[in-house]
Amino acid sequence: MPDKILARMPAELQAHPHIRLLIAQHHSQHGRISDAVHWLAGVSQESVETVPSFSGIRRELLATLAGHSIDLTNSLAAILPSHEMEQARLAVAQVILQTVINSENDPDQFFFHLQKWTFLTPDRLHLRADIFAQMLIQLPAHMSADLLSTAFAYLVATRRWGEARTIADRLLAMPESVSDPVFAKALLAFAEEGDRSFAATASHVMAECSARLASDNPPAFRRSAAKLNGIEVRARKLRRELRPPEDFSAIGALAPTYSAKAADAGPHLYVGLFGQVRFGRYLLDPISTYLKSELQGFVERGGSLSFGVATWQDSGQRELQEADGYSFLQDLIPQPIADRLATYRLMSVRDAMPLIPTITNRLLDECRHTQVIDAETLRSQFDRDAFISIDSDATFLAEFGNRLTEVFGESTPLLNQGRMWNRIAAHRSLVKQAEENAGRPVTHALLIRSDLTGLAGPLGQHLESRILSGATNWGMFDHDPHATYIEGVGDRYMITDRVAFDRLMDGYELMRSIVAPGTAVDPAYRVRFFPHAHLRTILFEHGTEFHEILRSSIQFEIYRGRRTVEQLHAEIAQDAEKSSDKDLRNFFASLVASSAASA
């Protein structure tokens, strides 16, 4: 706020807590932390609690200051590393946030704060799930059941099993918690992966919660998620009891999936890629090599493999033009070269051509010739016997995309979710072809995105351990804490048995049923259209047992198009001679030498 405005402001106005709060917010937004602290000092919680928006601003400011306190002590810990400094690093933040959390009385706001502080701004706040876990188990005794259930769901999402058990015990001692579908749903997830000794309890809570929701006097809820959670919990119970589809329709739930038991003819794994194949020449062969290596033991022990690809006719890769801004090229070149060129004043792709002529021409040519996908190219890059499904975006838009736009407006993320499920569903017909070709039913499936790179880890061991367990109706997914917290699950890869796979194949039609004109499906399901959520909902209602594989076990990255030095080795070597800049020529020569030495 300009000093001249403050200078003309009467002292009594400057002293008013609401004015001080807004001034503190202004200083915080402009990075003036000391000033923000000064103005916030005169704003008590009592002075703003009658104005919800002001109360929320105060909480956000406190959370932001907690983050800055960690930033400051991070620097001190680097200067004076010790166990004591590590404890001090979080002490101030913990005191501030504990105060904020303990004063919250709105479960939706509580959910929002936990999500935002932990997941949406981790680089700014440096908050870790273990710190929140310690704070949540110290929630005061008067905390309501719906707030505790939100805390419990957070602890389950972040896999803090010990702390989750503490909150679960508190909730189970509160009679009203059994009526809370947020708790019932989270408890089922906890019993699957956190503590299997809770399995019977979770089933009992599901049954009791379903009965209370179906009564003539169902409980009322403050948490907005409770309505849909209630439908999901009831649908899961109906599916467990193999009830007919009309029972699901009666409560506005999604239609069930019932699979016929496949003949026992030995394990047959179907491996399917889904999504746009943007960079097939760089990704598909490494993905294929990794998967076949990991699944070699499975094959040696009598398993059989089939492969498929479900993608789009258009690669989705933007064609690069000489007149494009330099940033389009910058995102594609190897990082060391991008860093080196950052000191040059480059405005367009054309500006970069004299400096990296061979590299630029290679990328221009690649982007020009990889716009249309065909089956033979896919087979040559992934597997020569792969079954292929290629569809056009125009067909998708006419079939479903336009309806999504009618309901939600222009939303690229939601359209992309529709596209993803369209291509997942396409594997149903490919599996049928694989079964006819192999003469045996597919018993398990691995669906994986076509844009993953750096895959590593014992995927084959995870698969075989689940098969050997003899369990049915299960799925393994990459662990994504944020996805889990918003009631979703990682979808970069999905490993399932046939029962769960059949439900996955229904996912696209189930999604369409949610927004179909005149649908019987409750519109509350529409919140599940955002990434990760629809996947978990349809499998949760199906009774599928979830297993999330940590990134420390199976590593991967999503490939965004940036080439590596190794991929452009020949072009870099040529530009070591052709670049118009002597310093760059020397730099490229050193890159080539380093790459060759490490090969």
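**Figure 1. Salt bridges across the predicted model.** The count comes to 38 salt bridges, each a side-chain nitrogen of Lys or Arg within 4 Å of a carboxyl oxygen of Asp or Glu. Side chains of opposite charge can pair when their charged atoms come close. This is a predicted model, in which local features need pLDDT of at least 70 and side-chain atom pairs count only at pLDDT 80 or more, while totals for chains, interfaces and linings use all residues. Residues are numbered from 1 along each chain as its sequence is written, and side-chain values use heavy atoms, with hydrogens and water left out.

**Figure 2. A pair within helix 23.** Arginine 379 bridges to glutamate 376, with the closest N and O atoms 3.0 Å apart. Both residues sit in helix 23 (residues 375-381), 3 residues apart, or about one turn of the helix. Helices here are DSSP runs of H or I, at least four residues; strands are runs of E, at least two; both are numbered from the N terminus. Glutamate 376 is exposed at 53% relative accessible area. Arginine 379 is partly exposed at 23%. Buried means under 20%, exposed over 50%, partly exposed in between (1.4 Å probe, protein chains only).

Figure 3. Aspartate 391 and arginine 423 form a salt bridge (3.7 Å, N to O). Arginine 423 is buried, at 3% relative accessibility.

**Figure 4. A network of salt bridges.** Arg281, Arg362, Glu366, Arg563 and Glu571 are linked in this network.
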